[in-house]
Amino acid sequence: MKYNLYIMKTSTWTQLAFCLLSSVFYACNSSHVYYLDATSGSDQNNGTSPRSAWQSIEALKQISLQPGDKILLKKGETFPGILEVTGKGTYTHPIIIDAYGEGNQKPCIAGNDTSMYAVRIFNSDYFTIQNLEISNTGKERKAGRTGLKVECTDYGISHNIRINNLTIRDVNGSLVKEEGGGSGILIVNRGDSIRSRFDSLTIENCHILRCERNAMIWSGYYDRKNWYSNKHTIVRNNVIEKVPGDGIVPIGCDSTLIEYNLMCDSPDILPMTEAAAGIWPWSCDNTIIQYNEVWGHKAPWDAQGFDSDYNCQNTLIQYNYSHDNYGGMVLICNSGNAGDYSCGNIGSIVRYNISIGD
């Protein structure tokens, strides 16, 4: 009887192991690579090889991305329009958007005249976008315009989104914050039916150039009465150049690491009503800002290199280099009239920084 029970248990575990291995094998062999070539491709092709590449990003609307899938855009080509993607990869089989081909010129996705974004990643997991250029220039400034929008809405937890080695340039949003501003990268988490947030989102090795009003900014749960913070965000080794407003502004985040970034040469074009600064959290806990450089910030108000702002706990600003900013090195602030959404400004530490000519 004991022997038969052992056989039954062994058989059950063997079947389970076989099912798991089969699932892994299926995932490895069911993924696809899709190629886009704006010059030599055709949307009548099947898109599954460089010789049968699609021509436009519109062709991607016919596919549903699966774990391990890749979308590859040919280097040196420009793809006009808007790329909107949703994909749920896995830890071992992420979904990847990348470049292919010869040369050093990144493929460029260029938004149209009225587009609010050129690329949007929506409700996704284990998703990497890298080695591309993104532009979004309209005939006139448009409030809220961005280059890359990463959004998590009524979804739950979006895991491991990685933004790597992108060039995001020439986004002409509004210069006025209260109108909606504009940005190179916009991170949005929200939800009416399902509270949603990002876990382990990484932005690294990117170049943000001539984006208005801001470089990268978040829109999330800032209210302490409805607190649902993004977790374990990393912003590392990015260059922000000729951006007139705010550089890196996490909002509604916990345990964010911001390090080895450069913000420089902000143009003096903001209206006299506008306040902006280089790198600063708002409604965040446990933010570390270290080994960054900010120089040449020229906002009419504030214009510091660094800031620990409203509704923040345990902000650490250390080992940074600030120079030639109109407003000084650092701002620490909170309002007595902020309301009950804010806990105040608690536990900020500023140490071991260098300020020259601020």
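Modeller: Gladly. Two strands pair if DSSP finds at least two bridges between them. Please keep in mind that this is a predicted model.

Colleague: Which strands form the open sheet, and in what order?

Modeller: There are 6 strands, in the order β4-β7-β10-β14-β18-β22, and their pairing is parallel.

Colleague: What makes β4 and β22 the edges?

Modeller: β4 (83-85) and β22 (248-249) each have a single partner strand, so one side of each has no neighbour in the sheet.

Colleague: How do you know that β18 and β22 pair?

Modeller: Strand β18 (residues 214-219) is joined to β22 by 2 bridges in the parallel sense, and pairing asks for at least two. Within this pair, Met 216 lies opposite Ile 248 of β22.

Colleague: And what joins β14 to its partners, β10 and β18?

Modeller: Strand β10 (residues 145-153) runs parallel to β14 with 8 bridges, and Val 150 faces Ile 187 in β14. On to β18: 5 bridges link β14 with β18, again parallel, and Ile 185 has Met 216 in β18 as its bridge partner.

Colleague: Why is strand β14 called largely enclosed?

Modeller: Of the 9 residues in β14 (residues 182-190), 8 are buried, so the rest of the structure largely encloses this strand. Buried here means under 20% relative accessible area.

Colleague: Let us turn to Asp 199 in strand β15 (residues 197-199). Why is Asp 199 said to have no salt bridge?

Modeller: Asp 199 is buried, and the nearest side chain of opposite charge, Arg 197, is 6.0 Å away.

Colleague: What polar contacts do the side chains of Asp 199 and its partners make?

Modeller: The side chain of Asp 199 has a polar contact of 3.0 Å with that of Ser 200 and another of 3.1 Å with that of His 232. The cut-off is 3.5 Å, so both count as polar contacts. Leaving aside residues up to four places away in sequence, Asp 199 also touches others, including Ile 157, His 159 and Lys 231.

Colleague: Finally, the whole chain. How many helices and strands does the protein chain have, and why is it called as compact as a globular protein?

Modeller: The protein chain has 1 helix and 37 strands. Its radius of gyration is 23 Å, close to the 21 Å that the globule rule gives for 358 residues, so the chain is as compact as a globular protein of that length. Buried residues make up 53% of the chain.

Methods:
Residues numbered from 1 in each chain as written. Predicted model: local features only at pLDDT ≥ 70, side-chain atom pairs only at ≥ 80, totals over all residues. Heavy atoms only, no water. Helix = DSSP H or I, 4+ residues; strand = E, 2+ residues; numbered from the N terminus. Buried < 20%, exposed > 50% of the residue type's maximum accessible area, 1.4 Å probe, protein only. Lys, Arg positive; Asp, Glu negative; His and termini not counted. Salt bridge = Lys/Arg side-chain N within 4 Å of Asp/Glu carboxyl O. Polar contact = N/O pair within 3.5 Å; in protein donor to acceptor, adjacent residues only side chain to side chain. Contact = heavy atoms within 4.5 Å. Rg over C-alpha atoms; globule rule 2.2 N^0.38 Å.
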